[in-house]
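Please keep the picture in view while I talk.

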Amino acid sequence: MGRSGTRGLPIPDRHMVLLGFATSLGALVLVALLILRGVRCRYARRFPLFYSYLVYLFCSTVTGYVVYWTRPNYHASVYWLSYVLSIVVEFAVLAEISDHIFQPFPAIRSLGRALTIAISLGFGAAYILPTILRSHSMQIALLDFALRASLTKAVILVALLFAARHFKLNLGRNVAGLMLGFSIYIGVNIANFACVERFGSIYAGVLWFMSPMAYTLCLLVWTGALWEFAPMPRKASLAPAT
């Protein structure tokens with residue numbers, strides 16, 4: 001299929017790598033555009049966790065490019081380290097979403113953050129950590145970690161949507177866009193990792209292209225949703241759905 005990466009992680013042929021880099025470059029442009037727009041219009045103050053995540057994403061992607069062109073022998077290690085860190089840092093987006101869903105209601109404002117943290121810790125201890133400890137291969141452990149972390153994020157998104165539905169909350173354009181874009185990204189990732197587990201190295205090389213492609217779609221949604229600030233619609237009181 002291609003060259004063997006660090007510690008057995010698959011590296012596809014050069015054409016697939018370049019295609020992945022080209023797609024990643026498009027995503028980098030969108031990230032930079034979002035950051036500049038957020039700073040100029042002071043949206044970063046309203047979404048601190050989200051824009052901190054974007055800054056991390058921009059810096060890690062630029063670092064990957066620099067290493068690829070100046071120290072190619074180290075690129076595989078830097079890529080996978082950045083990838084694993086990104087999987088963890090992505091939970092900040094969910095925390096941002098949860099904070100804004102309940103923002104209009106001071107009495108339960110911490111509910112969304114508590115729900116996100118509780119699900120993350122619960123799934124991390126009972127679902128993600130055991131499979132990592134039982135894995136005898138770095139490649140299998142990494143793919144299992146990515147798949148199970150994505151499934152955990154999907155559960156959190158469903159829980160937040162259920163809470164919003166239960167309390168009849170209108171999400172607003174910004175928060176709805178964050179959820180939609182992240183849902184697209186997580187959904188594609190789950191399908192990708194499931195295909196890697198099912199088809200192995202036959203599909204592993206495609207992952208280098210599909211992952212940045214999924215994130216580019218996510219960023220397109222985020223760019224449209226966050227181009228203008230739209231405050232969360234306020235309600236006079238909480239009214240659980242019946």
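This is a predicted model: local features need pLDDT of at least 70, side-chain atom pairs count only at pLDDT 80 or more; totals for chains, interfaces and linings use all residues.

**How the helices pack**

Let me begin with α2 and α4, which are roughly antiparallel to each other because their angle falls in that class, where under 35 degrees counts as roughly parallel, over 145 as roughly antiparallel, 65 to 115 as roughly perpendicular and the rest as oblique. Residues are numbered from 1 along each chain as its sequence is written, and side-chain values use heavy atoms, with hydrogens and water left out.

The axes of α2 and α4 come within 8 Å and cross at roughly 160°; these axes are lines fitted to C-alpha atoms, for helices over the stretch in contact, with angles running from 0 to 180 degrees between N-to-C directions. The helices themselves are DSSP runs (H or I, at least four residues), numbered from the N terminus. On the α2 side the contact (heavy atoms within 4.5 Å) is made by Pro-48, Leu-49, Phe-50 and Tyr-53, and on the α4 side by Ala-92, Val-93, Ala-95, Glu-96 and Asp-99. By class, this contact of α2 with α4 has seven nonpolar, no polar and two charged residues, where Ala, Val, Leu, Ile, Met, Phe, Trp, Tyr, Cys and Pro count as nonpolar, Asp, Glu, Lys and Arg as charged, and the others, Gly among them, as polar.

Turning to α3, its axis and that of α2 come within 9 Å and cross at roughly 170°, and these two helices are therefore roughly antiparallel as well. Among the residues that meet here are Tyr-53 and Tyr-56 in α2, and His-75 and Val-78 in α3. The contact of α2 with α3 divides into seven nonpolar, six polar and no charged residues.

Helix α4 (residues 91-101) also meets helix α7 (residues 172-199), with axes that come within 10 Å and cross at roughly 150°. That makes α4 roughly antiparallel to α7. The residues in contact are Val-93, Leu-94, Ile-97, His-100 and Ile-101 of α4, together with Val-175, Leu-178, Met-179 and Phe-182 of α7. They divide into eight nonpolar, one polar and no charged.Finally, the lining of the largest cavity divides into 20 nonpolar, 11 polar and two charged residues, a cavity being a set of points, on a 1 Å grid over the protein atoms alone, where a 1.4 Å probe fits but cannot get out, and lining residues having an atom within 4 Å of a point.
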